[in-house]
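Student: I would like a close look at a single part of this model. Please keep it brisk and connect that part to its surroundings.

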Amino acid sequence: MGQVPEKAKSIAALDGLPAEEQFIDLRSDTVTRPTPAMREAMVSCPLGDDVYGGDPTVRALEARMTERLGKEAGLFLASGTQSNLSALMAHCGRGDEYIAGDSYHVYCHEAGGAAVLGGISPFPVPTLEGGAIDPEAVRAAIKPDDAHYPRTRLVCLENTVSGRVVPVARMQAVVAVAREHGLAVHLDGARLMNAAVALGVDPRVLTDGMDSVSLCLSKGLCAPVGTVLCASRELIERARRARKILGGAMRQSGVLAACGLVALERHVDRLAEDHANARALAEGLADIAELSVDLEAVETNMVFVTPNGADHGPLRRYLKEHGVLIAAQEPTIRLVTHHDVSRQDVDQVIARVKAFYTN
């Protein structure tokens, strides 16, 4: 590894961490560390046994998220994957089917858990540019009442999708088709707050008509762990049983929920900074002739960059040697801004990428 920049050394000294662990990390918004306020909340929060429903901090987080999303009840889970799977198991029985976009996390990034553990059959439909799915494709995918087919029970939506914001009208058009056919709708809102901030709307505008919503606290909102599933009380009780089956029932989990409360209080509105930094990063990298940058796709905190084919590995290694971490996707690399990436960091990343191509 090359020399670690002075900035990284100074941060390491403050954090008491090895300098090698300090980078401008653009791999994901999941890499954020809990803030000092979160660490203080973890130490001071009241605790109880959540399996018995006795952790007051968990209850407070569930109530706060329920109010923010306009639903009846909430359930704190360890991860977005566990939350989505618990929701699917609450909505569907073995042999049932759910419909989802073919690039949505619940279909292609969660290890096939719905089929493996829930006995639920997925049916993918094409994800359109911008992240929406066509309501007519959903309509065509719904199975007739015939013993040859699984029973279609659920439509899964997602917002944001690869950093793109799905407009409210596009989601509601799918909800309308689902209602026509008696189907429930689940929203994977892992980064829903990014969508709400980008659109300048209350998150309840995006969750209206959804039977269940999963929202992650451990991405741009900076909490170290946790997702809250919100739905009707009846569905949440079914999801609670699914959480137990999946090994997700935790005891004094208020130490984690406390970070979620701080996240909701302090870190939602500031997502706009991440969006502005992503735009600045995209525009700066777009000036480099050897890179292709999709400026139209920069709607929240993600930037998609395509280097020349042979440059992927060398660019990634060069940046790591100079204090920047990027993911290894090919041919297009996803760069993600977050709480731990400042505007100065963005400027440094642009300068180092330029240096790679000019040295």
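Student: What covers the buried residues of α14?

Tutor: The cover includes β10, β11 (324–325), β12 and α15 (343–358). Some ground rules come before the details. This is a predicted model, in which local features need pLDDT of at least 70 and side-chain atom pairs count only at pLDDT 80 or more, while totals for chains, interfaces and linings use all residues. Residues are numbered from 1 along each chain as its sequence is written, and side-chain values use heavy atoms, with hydrogens and water left out.

Helices (H or I, at least four residues) and strands (E, at least two) are DSSP runs, numbered from the N terminus. Cover here rests on contact, meaning heavy atoms within 4.5 Å. Buried means under 20% relative accessible area, exposed over 50%, and partly exposed in between (1.4 Å probe, protein chains only).

Start with the helix itself. α14 spans residues 312–321. Its buried residues are His-312, Gly-313, Leu-315, Tyr-318 and Leu-319. Just after α14, Gly-323 takes a positive phi of about 85°.

Now the sheet. β10 and β12 belong to an open sheet of three strands, in the order β9-β10-β12, with antiparallel pairing. Two strands pair if DSSP finds at least two bridges between them. β9 (291–293) and β12 (333–336) stand at the edges. Each has a single partner strand, so one side of each is left without a neighbour in the sheet. Neighbouring strands are turned by 30° against each other on average, direction ignored. Axes are lines fitted to C-alpha atoms, for helices over the stretch in contact, and angles run from 0 to 180 degrees between N-to-C directions.

β10 covers residues 302–307. Four bridges pair β10 with β12 in the antiparallel sense. In one of these pairings, Phe-304 has Arg-334 in β12 as its bridge partner.

α13 lies across β9, β10 and β12, and runs at about 15° to β10. α13 comprises residues 271–286 and contains Asp-274. Asp-274 has 0% relative accessibility, so it counts as buried. Its side chain makes a polar contact with the side chain of Arg-270, at 2.4 Å. A polar contact is a pair of N or O atoms within 3.5 Å; within protein, one must be able to donate a hydrogen and the other to accept it, and residues adjacent in sequence count only if both atoms are side-chain atoms. Leaving aside neighbours within four places in sequence, Asp-274 is in contact with Gly-220, Thr-300, Asn-301, Thr-337, His-338 and His-339.

Then the cores. A nonpolar core is a set of buried Ala, Val, Leu, Ile, Met, Phe, Trp, Tyr and Cys residues joined through side-chain atoms within 4.5 Å. The largest has 65 residues, and Tyr-98, Leu-157 and Leu-217 touch the most other members. Helix α12 (residues 254–266) gives the largest share, eight residues. A second, separate core has 28 residues, including Ile-288, Val-303, Ile-333 and Ile-350.

Finally, a strand elsewhere in the model. Five of the five residues of β8 (residues 227–231) are buried, so β8 is largely enclosed by the rest of the structure. Thr-227, Leu-229 and Ala-231 lie on one side, Val-228 and Cys-230 on the other. Five bridges join β2 (residues 73–77) to β8 in antiparallel fashion. β7 (residues 212–216) is also joined to β8 by five bridges, again antiparallel.
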